[in-house]
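Visitor: I'd like a close look at one part of this model, the sheet with the helix lying across it. Could you walk me through that part, and then through the salt bridges elsewhere?

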Amino acid sequence: MVPDGWKKATVGQLCSFGNGAGFKASEWSDSGLPIIRIQNLNGSKKFNYFAGEPKTQWVIEPGQLLFAWAGSKGASFGPKIWDGPKGVLNQHIYKLTPAEGIDPTWLYKSLLTVTERIEEKAHGFKATLLHVQKSDITDQVVYVPPLSEQKKIAQTILAWDKAITTTEQLLTNSQQQKKALMQQLLTGKRRLPGFDDWQTCKMSDLIEESRISGSDGAIAKKLTVKLYGKGVIAKEEKRSGSSSTKYYQRRAGQFIYSKLDFLNGAFGIIPEQLDRYESTLDLPAFDIKSNVDKTWFINFVSREDFYVANLGLANGGRKARRVNPKDLLNIQFALPAYKEQQAIAEVLLVSDHEITNFQQKLANLKLEKKALMQQLLTGKRRVTVEEANTE
């Protein structure tokens, strides 16, 4: 039902759509106005330029409302408020001009909710690469409140946007602070008081490869390691490779990594729930010795500087940068005593807790904002404005 005082309209009635231009490579230049393409809506700062005389409808100023009708789901596809430089619009992107009586910010927020419906009907070469016709957008129906209520709804949602942006910045600051703290504490540039000097050691003094025979892989519960330090997870129980592939049993608490993607953060500690799962030697696993604190160890190998310092471990070129256990085990470095490892780990755990709290707060804010938008933009929840008779 249409909320009291609102009206039903299509997106095509709320704004006009202007097409971008299909700039050819022969029209690109090293100077002039930047050509705004799909990748630029997705955050890329790399531009081609157009040095000719542009049509007025192509010109985009900062703050312009756009709609990419071809792009990646959840990323470049859908409505965007252009926050880059003045430029000219490429094809596959519409320039939207709100009709009289339509608040631009309210329209943008409404289009965000409409986009989910559009994406369900979208078609393209891949599930994540969407492509729609103009009518798929313009025919969408929305409920339109009076202009004064549009502005109050937009103002309310923008307040949540501000809270989300602030939390994102706090999260980023916390992550950067932990990164700096790791670099200082894990290399000895900053010492905790009351501990002895560090001793030179090899990685083999800390970990030892484990090769407990497992199944033939046909019915094995298999492990995989996600990139960028995102942990160890179970893999689908299906055969990968030939029947002669040998599998090894892994134990909870072991360190495991991907030979191919170690330098992309594909490593972790095997959790309790994955005890006795299996992997091939492409994912070697190691027992961590008793003189090593596991939390300290995983932070030590997670440092960006650890990767940079040990890029020479990778062999096979850029496309196949494999890190073999024997090379990893030969790395030399300074090692703090076990008690200092524990103390360092405790300091870093405090940072981890702070980061986790910000991540949870951010996730909650986004969920709450999504629910609020669904209510406000459909009239299920009304805002109070002087000009409108609302509940």
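Guide: Start at Ile256, whose bridge partner in E22 is Gly268. This is a predicted model, where local features need pLDDT of at least 70 and side-chain atom pairs count only at pLDDT 80 or more, while totals for chains, interfaces and linings use all residues. Residues are numbered from 1 along each chain as its sequence is written, and side-chain values use heavy atoms, with hydrogens and water left out.

Strand E21 covers residues 255-257 and pairs with E22 in the antiparallel sense, over three bridges. Two strands pair here if DSSP finds at least two bridges between them; the strands (E, at least two residues) and helices (H or I, at least four) are DSSP runs, numbered from the N terminus. Zoom out and you have an open sheet of four strands, in the order E16-E24-E21-E22, with antiparallel pairing. Its edges are strand E16 (207-210) and strand E22 (267-269), each of which pairs on one side only. From one strand to the next, the twist averages 30°.

Now for the helix. H6 lies across E16, E21, E22 and strand E24 (285-288), and runs at about 175° to E22. Contact means heavy atoms within 4.5 Å; axes are lines fitted to C-alpha atoms, for helices over the stretch in contact, and angles run from 0 to 180 degrees between N-to-C directions. H6 spans residues 294-302, and its buried residues are Trp296, Phe297, Asn299, Phe300 and Val301. Buried means under 20% relative accessible area, exposed over 50%, and partly exposed in between (1.4 Å probe, protein chains only). As for spacing, an α-helix has 3.6 residues a turn, so residues three or four places apart point the same way. At the start of H6, a side-chain oxygen of Asp293 comes to within 3.1 Å of the backbone nitrogen of Thr295.

Strand E20 (residues 248-249) pairs with E23 over two bridges, in the antiparallel sense, and Gln249 stands opposite Glu278 in E23.

On to the salt bridges: the structure holds 10. Each is a side-chain nitrogen of Lys or Arg within 4 Å of a carboxyl oxygen of Asp or Glu. One of them joins Glu209 and Arg211, with the closest N and O atoms 3.3 Å apart. Glu209 is partly exposed, at a relative accessible area of 23%, whereas Arg211 is exposed, at 52%. Elsewhere, salt bridges that share partners join Lys109, Asp161 and Lys369 into one network.

Lys109 bridges to Asp161, the closest N and O atoms being 2.5 Å apart. That pair links distant parts of the chain, 52 residues apart: Lys109 sits in helix H3 (residues 104-121) and Asp161 in helix H5 (residues 147-185). Lys369 also meets Asp161 in a salt bridge, at 2.5 Å from N to O. Lys369 lies in helix H9 (residues 338-376) and Asp161 in helix H5, so this pair ties together parts that are 208 residues apart in sequence. As for burial, Lys109 counts as buried at 4% relative accessibility, Asp161 counts as buried at 16%, and Lys369 counts as buried at 14%.

Technical notes: A polar contact is a pair of N or O atoms within 3.5 Å; within protein, one must be able to donate a hydrogen and the other to accept it, and residues adjacent in sequence count only if both atoms are side-chain atoms.
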